[in-house]
Amino acid sequence: MGDFWEQTKLRDPYTFRKAEDFFGDIDNPGSPGLKQPSKISYQDDDQLLPDNKANPATSHGRIFRFSDGALILIQFMRPRVWRIRFDPKAKSGSQYSDFNSRTIIEDTLNKLIATLDAVEGITWAVELIKDPQHYILQSVRDPKGPKRAVELQLWIRRDPFQITAVRVLGNLQPAEKIPEFQSLDSLSVKQLSLNTSKGAESAIIWKTKPRGLQYRDNATILTVEKSITADFIGFGEQGGKNLFKKKTYMNYFNFDNMRYQNVYGQGPLDDREPLYHSEPYFLEVDSLPGYKSQIATFIDNYSHICLDLGMKDQTAIRMATRFNAFHGIFVAGDSIQEVIQLYTSVVGKPRLKPRYVLGYHQGCYGYDNEGMVLDCINQYRACGFPIDGMHIDVDMQDDYRTFTIDTREKHFPNPKEMFTKLRQLGIKCSTNITPYINSIPSSSYKTLNEGLANNYFIVDKRDRDPSAPNPEDQRYLEYGTGSTYFTAPTRDRPDYFEPDNYNFSEVFDSGKPFHGGIFYGWGNGHPGHYPNLNSLEVRKWWGKQYQYLYECGLDFVWQDMTSPCIAEQFGDMKSLPFRLLLDSDGWSGDPNAAEKKKAIEIWSLYSYNLHKATYNGLNRIDQLSPELKWRESRRNFIIGRGSYAGSHKFAGLWTGDNSSTWEFLKISVAQVLALGLSGVTISGADVGGFEFIEAERNYPDPELIIRWYCAYSLLPWFRNHYTKYRNWMDGHLEGQMRKDGKWFQEPYAYQQHYEQNQDHFQGRDGVVYRAVLKTCRYYIRLRYSLMQLLYDAMFENMLTGLPIARAMVITDELDRSLFAKDNQRYTRSQYMVRNDLLVAPALEKTGNDKHKVYLPFPDEWFPMNLRADEPLGVALLPKVDGGSRIKYNCEISDQDDQIPYTCPMYIREGAIIPKIEVRDYVPDPSLAKQPANPITLHVYPGPGKDNEYDMYLDDGISRESAPSHEYVPETSAGSGYGTAHDLIEGLADDKAKSQFCHVKISQKTTRVAAEDENASLRVNRRVIIRAPWNGYKGSLEELIGQSYTVVLWHEPKTPLGSITVTSDKAVSYKIDPNLRATVLTVPIAIANTQAGVTIQLVHEDPLN
């Protein structure tokens, strides 16, 4: 049972409790202190401040009083977004302020509303109507104008208390289009016309349970109705096992959870595990089949959030915040796309990231010297493998001192020279930056000495547990592979090579800098301090610490150990002690801004502020020295490990320390899709797995590597990252093991290993080993050939919040079978790149000669015909009906003709896809100029499937090229609520000048009857290329050449001899009978204008 102090720790209310244990305690009859108010009332006095002025928090909502005296604030943030705020400690209405959390893009609700109203070009208000049984809060568009319309109503029942949301819903359109009438006879057309009306019904879209609010001490539980028809998607990083969820517990509590197994012991397929990142956001979908209604829920709270999704009661969802006020934000939209746009308008959309982020990256914990780094890049270049990013781990640091470089011989003696060589090869470098400052005294360690001199570190002040007030009473709670254990800070220390002999009793609650440390195993690590990043002054200081690394040549930042992660002997759950007091970082002007809170109460705020501090610091780094002036206009990038919802405004996200298993591969696609539902642009797992497993400790299964590369071939973030076995290179331990790890994980190393050990790999094993380099290289080259497609999606994300890789339920909302249980194997593993390219990777080791693919209904789909290095591609195969489950042979092979089929891909009928030539790296104006890279526009047949594609041409790196007030693209993706029609100060990059070219490519296809009734029907494809905006300041010809190649693909049965092509401008074309395509050359001088060019292609209908 453990010692007395361990049991005392478990009784402490300020400790982590598993969600099921927390709810189990709530459900115990007579749970101490639990309140569940039954009645609610409205009082005018509750809406006032002490000076009798109106409380600004009630400008778009009202404060209501429960029968037990507790107060609840219900308010609208947008016409279709409402927020429920409940603070168990609030005794008067004035205790509810207008201030938002740090997650929201503006500091107050009123400022948020003013900003977004200006951006979206709307006016609205909130009205309160009183009824004997209800109070009705409603949002009203154009409240005093001729277009007055009630958007959403919240019916608040007085007794028993219950909130019900109501709005008018439109019907979903039928999935299939009706047949087109071919006659030009107007009388016949009139005779066939149908009387139709668009259905619109008032409906309940969301409601709490009666008496759905419970609270005690610091905890609040809101219980809402769970529709029996609905599915639930999202959930952030925890979205892994299945994209859809029906029943589960979940914990949102940032945790350095290596291998995803420490709390429950079940591994990555267990939804309950608290992971590195907290994104407490989910969508209820298909709750009202046949209607345009989707609902998202976001719990805005930095402490521990517990979720009960239908476990105790299959008709209920319980969401609990264990500390601080409850803030629940609820978003109603017609579609998932609209919900994403609305949600990201409130929590923020990212600024435009560098184009190279979408390239291929290599990282390794174990590249511990300059030679290894350069050799890796040279190996990739030698085998024709494109690469843009190199991530150098803490191996580069001077004895684990953050922001330093080990310049000793055999390590990194000439960092500037090394980074220069890498830049000349097109490589952009990051290094691992942790919020840990080595505390071993050093006169040369500027960051440590400045931090101590200016009191910039977190200090050891605690809110002591009255039951355990003394240093010797302290225990820290830890979890490992499903087991609970404790460390005692008075006696336990990490097993460092250099022992840490500090006296815990002298530091405990003393006001001295908090004493923590990092431990990487095998004796590696040191004690240290942690910057107080909940202080604005410290955040500004932190941002300046990157100066030396960037002067050496660093290009972007790898933000690691973000919780902050701390050796288990120094804190709870490998982070800060739960009762350590931290600044709460309220907004300037917030009356509670200076309040101190226990670490567990604001657990994820530290990592959020870490990313923000780095982001703002990098954007100002050009001001620190003349050497960095050249970076003034460059976009910066951070890839971070764990944080909180909204951190995508500052950084991309990788999903923590996984391992080389098929289970981690299986969840890794669904994780990216789930994160994308909350607008996270750049996310992904460590490809190949970071940690080794005992069965394959030297290197991962080569088949696993191939499947992972295929699965991630078109996902937004692609980094092969692993831990490598290394010996000490010098010193008294030279030749002994420094750290355990794998031998290799780079694709080229598999080929080298095979060539050195061919006798061991015969038959099928030999095929797989020979296939690793060839297949991985092919899919990375395919990725680079489709870089413009990925970049256009990333550019669009800045405007709409829509992800690059999209779950099929975003792009194919008419296919309701996607919600069916027997299709969930496809919804979790398949994804769309933007709207029209479907990737359906095999995530299992076996059965891949009969891998199953699902193609969304009602569109038809062409098997992928584009090839990485073929200028145009191969002729189209017959298209496949949507709604089909097909068997696909995607077996691994070392034969070139099979490799393009190792990862199934399909293209939607009517698609428009840009393709470029493959280069070794993404061009950068600061590097040697590359030759122009022409764009080929692939336009696919699709009778009745009109399409429009938005393409964005810029230099890929400058901040000036981002959209600004001067021009905001109106895109086909951006529609409905949450769409930006303008960008005002604060939302756009302050250096943005819309210096890009916006190109629109559209195709409209019609069938036309000939005047001669014996003649065949004709298919008319009209393609328009135009540029509604061209603010690009350089030469587009230097960027993409003098002309577009436009490929109009034809179906196999299209009679090529019947094709005629006309245009309103001078273009040239040829019909390629082998490719079954019409290939046009269109000068950009005429295409990239507002008038553009119109191309008409007519041929006989192959269906005749």
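Biologist: Pro858 is found in the loop between β39 and β40 (860-863). What kind of peptide bond joins Phe857 and Pro858?

Modeller: In this predicted model, Phe857 and Pro858 are joined by a cis peptide bond, with omega about 10°. A cis bond also joins Ser563 and Pro564, where omega is about 5°. Pro564 sits in the loop between β26 (556-559) and β27 (581-583).

Biologist: What makes the contact between Glu120 and Arg78 a salt bridge?

Modeller: The N to O distance between their side chains is 3.1 Å, and the cut-off is within 4 Å, so the pair qualifies. The structure holds 82 salt bridges.

Biologist: Which parts does the pair of Glu120 and Arg78 tie together?

Modeller: Glu120 belongs to helix α3 (residues 109-120) and Arg78 to strand β3 (residues 71-78), so the pair ties together parts 42 residues apart in sequence.

Biologist: How do you know whether Glu120 is buried or exposed?

Modeller: Buried means under 20% relative accessible area. Glu120 has 8% relative accessibility, so Glu120 counts as buried. Arg78, with a relative accessible area of 1%, is buried as well.

Biologist: What are the values for the salt bridge of Asp460 and Arg462?

Modeller: The side chains of Asp460 and Arg462 meet at 2.8 Å, N to O. Asp460 is at 1% relative accessibility and therefore counts as buried. Arg462 has a relative accessible area of 9% and is also buried.

Biologist: Asp990 forms a salt bridge with Arg959. Is Asp990 buried or exposed, and why?

Modeller: The closest N and O atoms of Asp990 and Arg959 are 3.1 Å apart. Both residues lie in the loop between β46 (947-953) and β47 (997-1008), so the pair ties together parts that are 31 residues apart in sequence. Exposed means over 50%, and Asp990 is at 70%, so Asp990 counts as exposed. Arg959, at 5%, counts as buried.

Biologist: Why is Trp522 called partly exposed?

Modeller: Partly exposed covers values between the two cut-offs, under 20% and over 50%. Trp522 is at 40% relative accessibility, so Trp522 counts as partly exposed. Trp522 lies in the loop between β24 (516-521) and β25 (524-529). With Tyr725, Met737 and Trp743, Trp522 makes a nonpolar surface patch of about 400 Å².

Biologist: Which residues form the positive surface patch?

Modeller: Arg825, Lys850, Lys852 and Lys887 form this patch. Lys850 is in the loop between β38 (837-839) and β39 (851-854). Its relative accessible area of 52% is over 50%, so Lys850 is exposed.

Biologist: What is the phi of Tyr400, and why is Tyr400 listed for it?

Modeller: Phi of Tyr400 is about 60°, a positive value although Tyr400 is not a glycine. Tyr400 counts as buried because its relative accessibility is 10%. Asn52 likewise has a positive phi, near 70°, but at 60% relative accessibility Asn52 counts as exposed.

Key
Residues numbered from 1 in each chain as written. Predicted model: local features only at pLDDT ≥ 70, side-chain atom pairs only at ≥ 80, totals over all residues. Heavy atoms only, no water. Patch = residues over 30% accessible without salt bridge, like charges linked within 9 Å, V, L, I, M, F, W, Y side chains within 5 Å. Areas by Shrake-Rupley, 256 points an atom, 1.4 Å probe, with all protein chains shown as cover. Lys, Arg positive; Asp, Glu negative; His and termini not counted. Charge placed at Lys NZ, Arg CZ, Asp CG, Glu CD. Helix = DSSP H or I, 4+ residues; strand = E, 2+ residues; numbered from the N terminus. Buried < 20%, exposed > 50% of the residue type's maximum accessible area, 1.4 Å probe, protein only.
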